[in-house]
Each structure stands twice: as structure tokens, then as C-alpha cells.
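Visitor: Could you show me how to read the pocket and the ligand contacts of a model?
Guide: Gladly; here is the model first.

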Amino acid sequence: MRLIIMPDPHSATRLAANEIASLMTARNSPVLGLATGRTMEGVYRDLCVMHREEGLDFSTTTSFNLDEYAGLSADDRRSYHHYMNSLLFNHVNIRLSAAHLPAGDASDLDAECTAYEKLIETSGGIDLQLLGIGDTGHIGFNEPPSPFDSRTRCVALNRKTRIQNGGMFGGNPDNVPTHALTMGVGTILEARHLLLLALGKSKAAIVAKALEGAVGPEVSASAIRLHPQCTVILDAESASTLSVETRSQALYQESQD
Ligand code: F6R
């Protein structure tokens, strides 16, 4: 695992965007695994700037998002489809037909999950999977316990996650959908590279648990430690409770500003 601790959120998101852009320029037809949530907002802002000002080309890119709320349609403003359109897809030259998210309003959610897995496979697999980490230690919406061989499926959201994500739902966790479609931990581990990004003090405890605690289904994010090509980018605050030993293995970078 390559651990990089950046001085602040801005430099951390910029580095994550640079890593994605490098992969995109190195491949003819890159396949990206994307994530949503507050952590990723800065990454997508930076990628949009790179597209506009430096000509970063998305025309041959295929993407697969990690997850979507069950019951929400693509045009629902609270959906992850809407998040991706408004923060990234509408501002870059990606083909919308190649930008995939699971359909939260599919009539048969199990069939939708199976089809999503198949589509990832027929696209040749994911080159780089971007990951955030939730308060429960989830990656995607893989709530504890999530077996490390789990596949794309419909899951019940943990109460903590519904509280964490209440903001888009009028601040009321009870309004957050009870279920979501998510790539499984096994699906995520099949990506050729993993890139986990965490920002802010509120992530410090769960980041330490994921990187230093037991590797197992109780903390899905701990699974990334089993992956041979994994980069973790933290800002100083999210890294603040890591042990001296872990920090000594990290690469510290000065602010790029
Ligand atoms: C979202 C996702 C989740 C988030 C995580 C952190 O697609 O897969 O695992 O990355 O819940 O969310 P934020 O960034 O809002 O703290």
C-alpha cells in the first residue's frame, strides 16, 4: 500500500485528480470506477478544470460508479446519477452512454445488480477504482459485515450511514433510502488499482481502524490492504490518529500551492 499524507484537503484532492488523469492518459480506453459523496467533490472540480484548461480527454473513457440509492430515479436530485451529472459528466466530454451507475429504480434490483457486474466484466474490468470511506468503514455501501467476496447487490443501509448522508435529504436520516445498490467488496478488489481518499478530522478514527485494525468484514475498507496496487491519500486531519509507525511509512508531500 502506498500511503500519502498531504497537508490539506485541497492538495489531497488535487493529487487524487492527478492520479486519475495520469491513468487516463496512459490508457487508450480507460475504465474508471467512480465514487460520490462530499470527499469527491473537489476531485471532480479538479478534473473539470483539467478538462477545460489542459484538454484532459474523456472521450474514450468508460466509467462505473460504485453505488446508487434504491428507489431513486436518475433524474431525482438526491440520486448519485444527478450528483455525477452535475459535478462531472455535464462538464467533460465523456460519452453518457459509457458512464454507468446502477439503476436505483429498476423493477428487478437483483437482475440490475447481475447485469451491472456483467457490464463491468465485458468492459474489460476497472483500471482504477476511486474510493471514499464511510463512518461505518464502508467502501461503496458495503456495510458491516460485508464478506470480501461479495458482489454487486442490494444492501440495507446502516443507521450511521443514513445519518452521515442525511444532508441531501433535508437533514433527516429517516428520509434517506433504507437500501442501496452497491458494487461488492469482491467486485472492488478486482479493479487493477485502488485509490482511497479521506479528508477531515471526522474520518480520522475510521481511517486508523481501516489501516491499522483487523482486516475483516467488520470494516470493509480494511480489504484494500489485501490489494497489491493500492494508494491511500489522506489530508493531515484524517491521518491525525495514525500511529507513529504507520506515519513513518507514509510519503509526506508539501503543499502544491
Ligand atoms: C459513495 C460511496 C461511499 C462514500 C462514503 C464517504 O459513492 O461509495 O462509500 O465514499 O460514504 O462519503 P463522504 O465523502 O460524503 O464522507
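The dialogue below takes up the pocket and then the ligand.

Guide: This is a predicted model, in which local features need pLDDT of at least 70 and side-chain atom pairs count only at pLDDT 80 or more, while totals for chains, interfaces and linings use all residues. Residues are numbered from 1 along each chain as its sequence is written, and side-chain values use heavy atoms, with hydrogens and water left out.

Visitor: How much space lies in the largest pocket?

Guide: Rolling a probe the size of a water molecule over the atoms shows where empty space is left. On a 1 Å grid over the protein atoms alone, a pocket is an open set of points where a 1.4 Å probe fits, with protein on both sides within 12 Å along at least five of seven lines, and lining residues have an atom within 4 Å of a point. Here the largest pocket holds about 670 Å³, and among its 30 lining residues the closest to its centre are Thr36, Gly37, Arg38, Tyr80 and Asn165.

Visitor: Which helix gives the most to that lining?

Guide: The helix α3 does, with four residues.

Visitor: Which residues are closest to the ligand?

Guide: A residue counts as near if one of its heavy atoms lies within 4 Å of the molecule; 14 residues surround the ligand, the closest being Thr36, Thr39, Asp67, His138 and Lys203.

Visitor: Which polar side-chain atom lies 2.6 Å from a ligand oxygen?

Guide: A polar contact is a pair of N or O atoms within 3.5 Å. That atom belongs to Lys203, while a polar backbone atom of Gly140 is 2.7 Å from a ligand oxygen, and a side-chain N or O atom of Gln164 is 2.9 Å from an oxygen atom of the ligand.

Terms used. Grid points are joined across faces, edges and corners, and a volume is the space filled by probe spheres set on the points. Helices (H or I, at least four residues) and strands (E, at least two) are DSSP runs, numbered from the N terminus. A polar contact is a pair of N or O atoms within 3.5 Å; within protein, one must be able to donate a hydrogen and the other to accept it, and residues adjacent in sequence count only if both atoms are side-chain atoms.
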